[in-house]
Amino acid sequence: MADLLGPVAPDAALALICMAFATWLCRAGGVWLMTHVPITPRVRRGLSALPGSIMIATVLPIAVKSGPAAIAALVAAILAMLKWRKEVIALGAGLLTVSLLRAAGL
Amino acid sequence: MDAEAAPRPFVSRDGMMLGARLTVPFIPGLVIYGSAFGTAAAQKGLTLSESMLSSAIVFAGAAQLVSLELWRDNWTFASILAITLLVMTVNARMLLMGASLQPWLHGIDGRVLWPGIHLMTDANWIIAERYRSDGGRDAGVLFGSGVLQWIIWVLAVIPGYMAGSLVEEPRRYGLDLVMPIIFAGMLVPIWKGKQDLVPWGVAGAVALTTSALVPGYAFIVAGALSGALTAALLPVRDHG
């Protein structure tokens, strides 16, 4: 098994530890920052718009870059969610739509 | 449920189990992308130990995959700095995800919160936001989902490393779009009414513009921050 796993080179380990710490800083940093910002009504409104804004800002450029099949898949997911309110169904509808359209050459 | 009446967030075993259950739809995607990382890492010359160590301690798919572009056999201070900065730019969105969850996590024991937050991913962030928008207070949902994802993510490296990717053409089944599809679907329960329209529109427009002008992942942070700032700065309209 040890042969299979192979060694961890010390400098590779150092690189991975730095990458891990950088990632932890990103994960913890936002939480830490907001514990030090007074939650005024303005901040509260900004925070409450943040989840949707993150989702839109992630999804739209990826959809546009990935083409019409991807856009149709996202629309299908939204429609399925509106109707059934179940994320499994939304995911299924999106994946089905994109596989069919891609199989059709879109 | 008394969970909703609780004044402070808490972490319970039931919450962790619920988080694990809510993670089930994400498992196929996790396995496929975790193994895809294993395949790509093998091609770049990492040992299996190094590949699994990356998944275990970095635990961030996009950053791990992108970092392989800068992977090398001999490391200098400059090359370690470069790969660390690259990882930070790919993961910068997590700063905002953490900020959005903070009011929900406020009051959790720091000895749980600060290590536990390293289990936050796109998937359990969205699971937690959804659960929270339904009134849920149990932060165990975030951590329980994270633990399950961590186990799957680390183990998935092995078949990918040994046997090549599990699915020949993930694109064919739309598996490259799992996360965007779920994000899109989640917009429905996250929508709180007309006051979201302008901030979300600004977020989308800024993200699209940024992605057209700036290479990399800056579009997520630029768009999301613009949306939140817009919401903060807009005058509040009175009801009635």
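The legends below describe close-up views of a predicted model. Local features need pLDDT of at least 70 and side-chain atom pairs count only at pLDDT 80 or more, whereas totals for chains, interfaces and linings use all residues. Residues are numbered from 1 along each chain as its sequence is written, and chains are lettered from A in the order in which they are written.

**View 1. The side of chain B that touches chain A.** Contacts (C-beta atoms, placed from the backbone, within 7 Å) link 73 residues of chain B with 68 residues of chain A. Helix 7 of chain B provides the largest share, 12 residues. By class, this side of chain B has 49 nonpolar, 18 polar and six charged residues; Ala, Val, Leu, Ile, Met, Phe, Trp, Tyr, Cys and Pro count as nonpolar, Asp, Glu, Lys and Arg as charged, and the others, Gly among them, as polar.

**View 2. Surroundings of A:A77.** Beyond its neighbours within four places in sequence, A:A77 is in contact with A:A90, A:L91, A:A93, A:G94, B:I181, B:A184 and B:G185.

**View 3. Domain 1 and domain 2 of chain B.** The domain bounds, from an automatic or database domain assignment, are 2-190 for domain 1 and 191-240 for domain 2. Their centres, taken over C-alpha atoms, are separated by 24 Å. Eight residues of domain 1 are in contact with seven residues of domain 2. On the domain 1 side, helix 11 of chain B gives the most, with three residues.

Key: Contact = placed C-beta atoms within 7 Å. Helix = DSSP H or I, 4+ residues; strand = E, 2+ residues; numbered from the N terminus.
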